[in-house]
Amino acid sequence: MLSKIISRQDLPKLIDALTNDFLVIAPTYDKKVPTFSEVESSSEVEFDILFNEKLPMLPPKKVFLPAKQTVFKYNLIKGVTDSCDEISDAVTHNKNVVIFGVSPCDVSGVGVLERIFRDNYSDDVFLRLHDKTTIISVNCLDHCYENCFCETMSSNDPKSGYDVMLTEISKSKLIAVPNSDKGKKILRDYPELFSQISEKDSEAYIDALNLKNKNFKTEFLVEGLASHVEDSFESEIWKEFTEKCLFCGSCTFVCPTCYCYTVKEIVSVDLKDGERQREWDSCYFPEFALVAGDHNFRETKEQRFRYRYLHKFVDLPRRYNFEGCVGCGRCVTYCPANIDVRDVLKKIIGVM
Amino acid sequence: MASKPQIGIVGFTGCAGCQLSILDLENELLDLLGLVDIIDFRMAMSGNKKGPYDILFVEGSIVNKHQEEELKELREKAKVLVAIGSCASFGGPQAIRNYRDNKKTKIAQYGKDNIDKVEVIKVKPINKVVKVDHYLLECPVNKYEFLDFVKYYLVGGTPTLPNYPVCQQCKAKGNRCIFLEDGIMCMGPVIQAGCDALCPSYGMPCDGCRGSTLEAAYDQQVQLMIEKGASVEDITRYILKYNGEDKQVHEFLMEKWKEQDKKLVYQED
Ligand code: SF4
Ligand code: SF4
Ligand code: SF4
Ligand code: SF4
């Protein structure tokens with residue numbers, strides 16, 4: 001069997017072992033906010049966040065596509081001085097990265113981003129960071145909180161995109177299922193922390209998966225959603241929500257699958273050196289669809305509000321066969337105006 | 001290389017904090033002096049020349065006829081005129097008086113017997129007096145935006161300011177949303193970003209010192225503040241704190257909020 005058992009009390013030891021070999025990113029609290037951050041020892045990790053069912057506010061996209069990021073640097077005479085690859089290597093101090101404690105929905109979210117950043121053109125900074133990262137996921141056996149609707153979005157059982165999945169099979173034990181060469185290597189490299197699976201463990205694993213299957217419920221049907229949304233292009237529903245929305249963009253920043261950014265040049269005071277930076281942008285902002293000649297493709301707030309749904313629930317499924325939403329509920333949790341993506345969709349489908 | 005651009009930095013009614021902020025560019029000031037000649041900066045040096053300026057940075061709002069004349073003269077000597085800080089851009093805190101009974105304010109300020117002796121006009125941001133080419137925001141002005149402006153000018157362009165709300169930078173920093181989670185009256189959703197969400201990063205509400213963001217959602221913002229328990233008076237104070245002469249603030253107050261806050265009286269010129 002490739003899968004192994006790790007005891008819950010050895011998880012800190014695993015983190016400490018990993019910190020010797022990797023740059024480790026794990027759930028922590030930063031000024032009362034659950035978040036993913038770089039840790040130097042297991043004492044900084046909040047296992048609480050993992051096992052008491054909280055999602056870090058910013059999803060793992062913050063590792064691959066941080067809020068602000070230098071993509072390359074240049075000099076007036078020398079041209080490009082730091083390439084995309086060199087920049088991404090410097091960010092991780094030339095180390096490989098482990099993200100520990102990624103939830104299944106967030107694994108799916110990273111998968112959405114990866115496909116988009118690899119597909120039409122390859123985004124070197126994103127992919128370099130992504131490809132040097134090992135993702136250790138911690139499985140959910142039930143909805144983690146009231147805003148989670150991952151089952152509806154079919155995101156809680158990703159088939160790929162993670163390297164090891166840890167599933168609790170009892171209060172004290174987890175099964176570690178590797179899902180890639182990188183994952184197998186983790187189990188191989190720290191043999192003292194992983195033990196063989198017994199028959200009882202295998203049974204407990206099946207039980208856990210059955211429990212998971214039983215606990216998760218769909219809230220509404222996603223079948224046919226794209227055409228519902230498209231058919232509602234002129235609906236009054238958009239207006240109703242536009243009237244509540246602050247257009248603060250918070251929902252897009254906390255979303256694991258929102259990836260839009262804007263680009264700017266930062267020039268040194270002597271005007272000889274510069275760097276290109278990218279920074280999170282949001283389709284909820286007025287200048288997002290502004291192009292040369294002062295034309296704005298989405299001049300009204302209503303168009304902007306609607307566009308986020310069109311992109312996530314029509315364009316992406318038609319192009320890639322997945323929705324741009326993994327049902328993590330972050331946009332619901334962090335919307336200052338209490339707008340709930342589920343309400344919008346249910347109204348569109350006509351079940352609310 | 002052509003001769004260095006001639007720069008002036010002058011102040012009208014304000015706290016002089018913007019000028020101080022520029023002086024505070026300790027690490028960059030010497031490099032800056034290699035690129036431009038500062039010919040007029042009364043706060044920092046002597047031997048000032050009254051133009052001509054390639055760029056003139058103006059701090060403060062205009063509160064009397066004398067200042068109006070002086071600003072108009074300065075404008076004629078400046079190729080590019082830049083408003084710096086809240087007062088020059090939106091009137092600043094003193095513009096609150098524009099929404100109060102002028103006579104009562106005068107009595108409170110100068111005493112009953114003196115109100116005819118002091119000449120105070122409505123508080124004006126400088127664009128109500130002269131043409132302004134560019135705005136640099138914050139209270140006091142963001143010194144890095146000032147520096148950026150000079151750099152862009154030298155390479156032949158103007159920087160664009162971020163046209164999105166403070167919430168962008170607040171989320172980027174991973175801050176707790178004190179508006180949503182703690183019910184603190186944060187104006188971040190309607191205020192222009194650029195300060196790196198300075199106040200919320202320290203648990204303080206955004207007071208709005210950078211002015212309204214593009215298409216600011218004041219209706220929705222105020223609705224949420226009411227739900228969180230703010231009184232009508234409080235809301236007027238929050239909105240008016242820095243931005244009395246910001247176009248969006250003015251329109252919201254006089255077209256919508258006046259129905260709630262009957263005490264709002266706007267003095268026309
Ligand atoms: S977080 Fe809420 S208020 Fe802000 S833009 Fe998103 S839906 Fe609108
Ligand atoms: S749209 Fe909302 S629920 Fe869906 S993935 Fe994004 S943040 Fe999560
Ligand atoms: S604390 Fe203020 S600025 Fe920050 S996200 Fe909340 S409302 Fe926006
Ligand atoms: S958070 Fe608001 S009040 Fe504070 S510096 Fe920024 S714009 Fe000004």
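The structure is a predicted model, in which local features need pLDDT of at least 70, side-chain atom pairs count only at pLDDT 80 or more, and totals for chains, interfaces and linings use all residues. Residues are numbered from 1 along each chain as its sequence is written, chains are lettered from A and ligands numbered from 1 in the order in which they are written, and side-chain values use heavy atoms, with hydrogens and water left out.

Chain A is divided into domain 1, residues 4-215, and domain 2, residues 225-349; the bounds come from an automatic or database domain assignment. The C-alpha centres of these two domains of chain A are 26 Å apart. In chain A, 42 residues of domain 1 are in contact with 38 residues of domain 2, contact meaning heavy atoms within 4.5 Å. Between them the two domains of chain A bury about 3,700 Å², 57% of it on carbon and sulfur atoms. Buried area here is the accessible area (1.4 Å probe) that two parts lose on being put together, summed over both. Of the area that domain 1 of chain A buries against domain 2 of chain A, 18% is supplied by A:Tyr74, A:Phe149 and A:Met153, more than by any other three residues.

Two salt bridges are counted between domain 1 and domain 2 of chain A, a salt bridge being a side-chain nitrogen of Lys or Arg within 4 Å of a carboxyl oxygen of Asp or Glu. A:Arg330 and A:Asp106 meet through their side chains in a salt bridge, with an N to O distance of 2.7 Å. The count of residue pairs in polar contact between the two domains of chain A is 29, with both residues at pLDDT 80 or more. A polar contact is a pair of N or O atoms within 3.5 Å; within protein, one must be able to donate a hydrogen and the other to accept it, and residues adjacent in sequence count only if both atoms are side-chain atoms.

On the side of domain 1 of chain A that touches domain 2 of chain A, strand S4 (68-75), helix H5 (104-119) and helix H6 (124-131) each supply at least two residues. Helices (H or I, at least four residues) and strands (E, at least two) are DSSP runs, numbered from the N terminus. H5(A) provides the largest share of this side, 10 residues. By class, this side of domain 1 of chain A has 26 nonpolar, eight polar and eight charged residues. Ala, Val, Leu, Ile, Met, Phe, Trp, Tyr, Cys and Pro count as nonpolar, Asp, Glu, Lys and Arg as charged, and the others, Gly among them, as polar.

Chain B is likewise divided, into domain 1 (6-155) and domain 2 (166-259). Their C-alpha centres lie 24 Å apart, and the contact takes 18 residues from domain 1 of chain B and 16 residues from domain 2 of chain B. These domains of chain B bury about 1,400 Å² between them, with 56% on carbon and sulfur atoms. B:Phe90, B:Tyr99 and B:Glu138 supply 46% of the area that domain 1 of chain B buries against domain 2 of chain B, more than any other three residues. Three salt bridges are found across this interface of chain B. B:Glu138 also forms a salt bridge with B:Arg210, the closest N and O atoms being 2.6 Å apart. Across the interface of the two domains of chain B there are 10 residue pairs in polar contact, both residues at pLDDT 80 or more. The side of domain 1 of chain B that touches domain 2 of chain B has nine nonpolar, five polar and four charged residues.

Between the chains, 35 residues of chain A are in contact with 32 residues of chain B. Chains A and B bury about 2,800 Å² between them, 62% of it on carbon and sulfur atoms. One salt bridge is found across their interface: A:Arg304 pairs with B:Glu215, with 2.9 Å between the closest N and O atoms. Eight residue pairs are in polar contact between chain A and chain B, both residues at pLDDT 80 or more.

Ligand 4 is surrounded by residues of chain B, including B:Cys195, B:Cys199, B:Cys206, B:Cys209 and B:Arg210, where a residue is near a molecule if one of its heavy atoms lies within 4 Å of it. The shell around ligand 4 has seven nonpolar, one polar and two charged residues. Around ligand 1 are residues of chain A, among them A:Cys245, A:Cys248, A:Cys251 and A:Cys335; this shell has 10 nonpolar, two polar and no charged residues.
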